[in-house]
Amino acid sequence: MLTLPILHPDILRALASAGHGSKVLITDGNFPHSTGSNPNAVHVYLNLAPGVLNVTEVLKVISQAIPVEEVEVMATADGSEPPIWTEFRTILHDMKLNPLERFTFYEAAKKVDVALVIATGEQRVYANIMLTIGVVRPPPNL
């Protein structure tokens with residue numbers, strides 16, 4: 001048994017094979033996984049039932065396992081801020097969220113630098129988030 005924050009073997013494999021600049025996409029239940037994301041990315045389906053698991057539960061675990069350099073979110077059509085963005089900021093220690101228009105977000109999700117796509121059972125809309133993996137810094141004595 002591992003003592004890491006993540007136990008899912010496909011997620012561990014995808015994160016281990018990704019590197020600086022690779023992206024992790026965590027999606028809500030409405031996201032078009034088969035047509036709206038990089039077909040070469042590892043796809044993990046955690047959408048067991050409506051609401052199970054949700055995006056913020058997955059984000060909490062993923063953000064403990066990787067350094068997050070940048071965060072992109074799907075913007076609403078009217079420019080309002082979905083309530084889930086407050087939760088994203090809390091989990092990510094007030095990192096800046098970069099909103100992308102819906103179809104721009106879909107195009108970004110299809111790019112080759114998206115290494116991992118995680119589908120959730122999230123029922124809140126505009127709950128899609130894409131994390132860019134940052135650099136793991138060496139210890140100060142190196």
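The lining of the largest pocket in this predicted model comprises 11 nonpolar and three polar residues, with no charged residues. In total, 14 residues line this pocket, and those nearest its centre are Leu 15, Ala 65, Ile 66, Pro 67 and Ile 133. The space within the largest pocket amounts to about 170 Å³.

A second topic is the packing of two helices. Helix α2 spans residues 55-65 and helix α3 spans residues 84-91; their axes come within 10 Å and cross at roughly 20°. Because angles under 35 degrees count as roughly parallel, α2 is roughly parallel to α3. The crossing in which α2 passes α3 is right-handed. On the side of α2, the contact is formed by Val 55, Thr 56, Leu 59, Lys 60 and Ser 63, while α3 contributes Ile 84, Glu 87, Phe 88 and Ile 91. By class, the residues of this contact are five nonpolar, two polar and two charged.

Two backbone features remain to be described. Most peptide bonds are trans, and most residues other than glycine have a negative phi. The peptide bond from Val 52 to Leu 53, however, is cis, and Leu 53 belongs to the loop between β2 (42-45) and α2. His 93, which is not a glycine, has a positive phi; this residue is located in the loop between α3 and β4 (98-100). The corresponding torsion values are listed below.

| Site | Backbone torsion |
|---|---|
| Peptide bond from Val 52 to Leu 53 | omega near -25° |
| His 93 | phi of about 55° |

Methods:
Residues numbered from 1 in each chain as written. Predicted model: local features only at pLDDT ≥ 70, side-chain atom pairs only at ≥ 80, totals over all residues. Heavy atoms only, no water. 1 Å grid on protein atoms, 1.4 Å probe; cavity = no way out; pocket = protein on both sides within 12 Å on 5 of 7 lines; lining within 4 Å. Points joined across faces, edges and corners; volume = space filled by probe spheres on them. Nonpolar A, V, L, I, M, F, W, Y, C, P; charged D, E, K, R; others polar. Axes fitted to C-alpha atoms, helices over the stretch in contact; angles between N-to-C directions. Helix = DSSP H or I, 4+ residues; strand = E, 2+ residues; numbered from the N terminus. Parallel < 35°, antiparallel > 145°, perpendicular 65-115°, else oblique. Left-handed = near helix turned anticlockwise from the far one by under 90°. Contact = heavy atoms within 4.5 Å.
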